[in-house]
Amino acid sequence: MSTLPSKAEILEWLSGHPTLNSKRDIAKAFGIKGAARIDLKRTLKELEAEGHLEKRHKTYRDPDRLPPVSVLQVKAPDENGDIFAKPLEWHGEGVEPTVLVVLRATDPALGQGDRILARLQVVHEEDHNYEARLIRRIGLSPLKVVGIFRKTAEGGRILPIDKGSDKEWIVGPDATGGAKEGELVEAEQAGPKGRMGMPKARIVMRLGDPSEPKAVSLIAIHQHGIPDDFPPEVLAEADAMKPAGLKGRTDLRDTPLVTIDPSDARDHDDAVFAEPDEDPKNPGGHVLWVAIADVAHYVTPGSELDREAKKRGNSSYFPDRVVPMLPDRLSGDLCSLHEGVPRACLAVRMVIDAEGNKKSHKFMRGLMRSPASLNYQEVQAAQDGAANDKTGPLLEPVIRPLYAAYAALKAARERRQPLDLDLPERKVVLGEDGTVTSVNFVDRLDAHKLIEEFMILANVAAAETLVAKRTPLLFRVHEEPPADKLESLRDTAEAAGLTLAKGQVLKTAHLNKLLHDAAGREESELINLATLRSMTQAYYSPKNFGHFGLALQNYAHFTSPIRRYSDLIVHRGLISAHGWGDDGLSETDIDRLEQTAQHISDTERRSMMAERDTNDRYLAAYLSDRIGAEFGGRISGIAKFGVFVKLDETGADGLVPIRNLGNEYFHFDRDAGTLMGADTGVIIGLGQRVRVRLTEAAPVTGGIGLEILEIENEAMPKGGGSTRPARGRGKGKPGGPPRRKENVAKKKDAKTKRKVTRQRTTKR
């Protein structure tokens, strides 16, 4: 007679054979025959009653395991391009299993929201428990739209809030989700196109009154797909964290490292201190300390916090809220360097000479206790002789030495010649009710510059250390401008009567000379804007291409791990390089460094676009009650469809549609970046001063419409009604009064004569 297996043996066998889970399979595996089958059946029922097994039809399985063939819902691709899926048949306790979808070359592409039937295999990888092979796709992912709901007799319609979209969506009577007239909603495509070719939609979320101030940033968050809710498992992991202790750390609690941030800062992730160097070999030198929150201690590779932080890539900042990279338990508490409490940190001690050159540096993993959380304004006031109760006791021991060290760093900066753009920054100021009360210029204090120089030096030290120790890292890369953009900048400079060096390796010093020559002139803002537009966008890369704008060869982001995932990777690199613990770079971090770099570069741009769109909407709301008012401004962009104007008062960008320029045809010259009237010969170019009338301000879309009244102090000509381009066309240059086509022709002839003369001289 066969021996009946124990309950533990049955569970162990099922765990190793998830596809052989019927009573017959179990009996065959253990050689159970005849009457013994009755005992097996009783044992299986006991296991089911105890919650160890779940009976599905005629098979048994562990309820804390997924069935071998399961229905999944596809999630959005992660930063590495991998596709994970939510198991819709998960009924177990604890953390939901993570399923990686492994696609073959012949499988169809999958999108977020797709439902699939897949065969699962148990794996034991760092970032997933199961791998799924597609059997078939059950349903397609829906397209999504954010817009204004309008009720109709047939249900309703959605008017998208995108500036460039005029396509409406039809909502059936059973798909409104209870949305009210004029309400802001998020909807997904609900089927094929309906009558008039409009897509059908189903409302999935009501976002409230679009005129409410809180809706402004909410629109951008949903529109750009920025995750703003933390999953329960991420919050649970954060809530379980405890403050780090001194074990294995350098005690820095007696070093007066102070935080200096904006007055409305939501977190404090960097602290600084400076003192004179007592080494007689370094007369007039300084010792600088920069301490950064040790986020890596709490956010370890492969954890739920790590996955969510990598997914977000960075925090996103709006006038009324922050969408953080980390839950508040970390970003606002354990990882924030609050005054008077011990906080884990990664610190670097740097020695500079009297001229601001870095002589040496050393990193350490420490425990600090900041004596004060200060803001820029009160630090600057103290330095200028107006200390308050908080900064007074810190003036001589802390604040004065910081400024002395900054004076040396400033001298080194002037020798290095990083790009020195002078573009005023504006800040949208909100009242208690969330409405815009003013748009102010942001004061650029020496206190701001001090912290900036300290952080740059710390970032350089981090990059140099990891390069020297041959540890993988993410560099902050800024490549030099491409040739075509430089040529365009030279044309703009020439039109303003300035020159940009040509025929040599471009350095930031050349651009700074151009900016310096333009300073104080009417064309100063134009030249600064044109220089900015000639720059490439900075990005992250595991390969080092240098940082052109800062004129630095080795540069990495180290100073903001609370709000940037790139900095967390650099921290892990430093931990691994120094052997400070097992929470450094993982093999997965290293293997996927290229994909991580691309992903966080993309999330950074996503946040920038969302923040810009939010500011546009706030500015449109601020101007919405001033329709018909006149403003001064400068042309900031030229396109085939119209002209962009930046208003002096608010910095808002408005569009003058081509139809509002005048009653004539305008020829768009892409190379010259100009529009020229066919009848009047007026040439509109980048940087010209204009006076405009506000014709439209739409807070929901952020659109601002304008009409040009004057250009370079002359009335804007209206033209005679041409509907086709003139035969004789010439290129015009921006930066001066509106020119007529006969003047352009003369300049073109003169330019040709100069070219011929140069050729003859060369031949001689």
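Analyst: Hi! One term before we start: contact here means heavy atoms within 4.5 Å. This is a predicted model, where local features need pLDDT of at least 70 and side-chain atom pairs count only at pLDDT 80 or more, while totals for chains, interfaces and linings use all residues. Residues are numbered from 1 along each chain as its sequence is written, and side-chain values use heavy atoms, with hydrogens and water left out.

User: Thanks! Let's start with Phe454. Which residues does Phe454 touch, not counting those up to four places away in sequence?

Analyst: Setting those neighbours aside, Phe454 touches Val272, Phe273, Ala274, Leu288, Trp289, Val290, Met350, Leu402, Ala405, Tyr406 and Leu409.

User: How many residues does the largest nonpolar core have?

Analyst: It has 47 residues, and Phe454 is among those with the most contacts inside it, along with Ile260, Val272, Val290, Leu402 and Phe558. A nonpolar core is a set of buried Ala, Val, Leu, Ile, Met, Phe, Trp, Tyr and Cys residues joined through side-chain atoms within 4.5 Å. Buried means under 20% relative accessible area, exposed means over 50%, and partly exposed is in between (1.4 Å probe, protein chains only).

User: Which elements supply at least two residues of this core?

Analyst: Among them are strand 15 (270–276), strand 16 (286–293), strand 19 (342–352), helix 9 (395–416), helix 10 (446–468) and helix 14 (565–578). Helix 10 gives the largest share, 11 residues. Helices (H or I, at least four residues) and strands (E, at least two) are DSSP runs, numbered from the N terminus.

User: And the second core, what does that include?

Analyst: That one is separate, with 42 residues, including Leu257, Leu334, Tyr540 and Ala597. As a general point, nonpolar side chains tend to be buried together in soluble globular proteins.

User: How many bridges join strand 13 to strand 20?

Analyst: There are 3, and the two strands run parallel, strand 20 being residues 358–369. Leu252 has Met368 in strand 20 as its bridge partner.

User: Salt bridges next. How many does the structure hold?

Analyst: It holds 38. A salt bridge is a side-chain nitrogen of Lys or Arg within 4 Å of a carboxyl oxygen of Asp or Glu. One of them joins Asp39 and Arg42 at 2.7 Å, N to O.

User: How far apart are Asp39 and Arg42 along helix 3?

Analyst: They are 3 residues apart in helix 3 (residues 36–49), so about one helical turn separates them. Asp39 is partly exposed at 24% relative accessibility, and Arg42 is partly exposed too, at 45%.

User: What about Glu168, which residue does that pair with in a salt bridge?

Analyst: Glu168 pairs with Arg157, with the closest N and O atoms 3.0 Å apart. Glu168 is in the loop between strand 9 (155–160) and strand 10 (169–171) while Arg157 is in strand 9, so the pair ties together parts 11 residues apart in sequence.

User: Last pair: are Asp567 and Arg564 buried or exposed?

Analyst: Both are buried, and their salt bridge has its closest N and O atoms 2.8 Å apart. Elsewhere, salt bridges that share partners join Arg249, Asp294, Arg365 and Asp583 into one network.

Notes: Two strands pair if DSSP finds at least two bridges between them.
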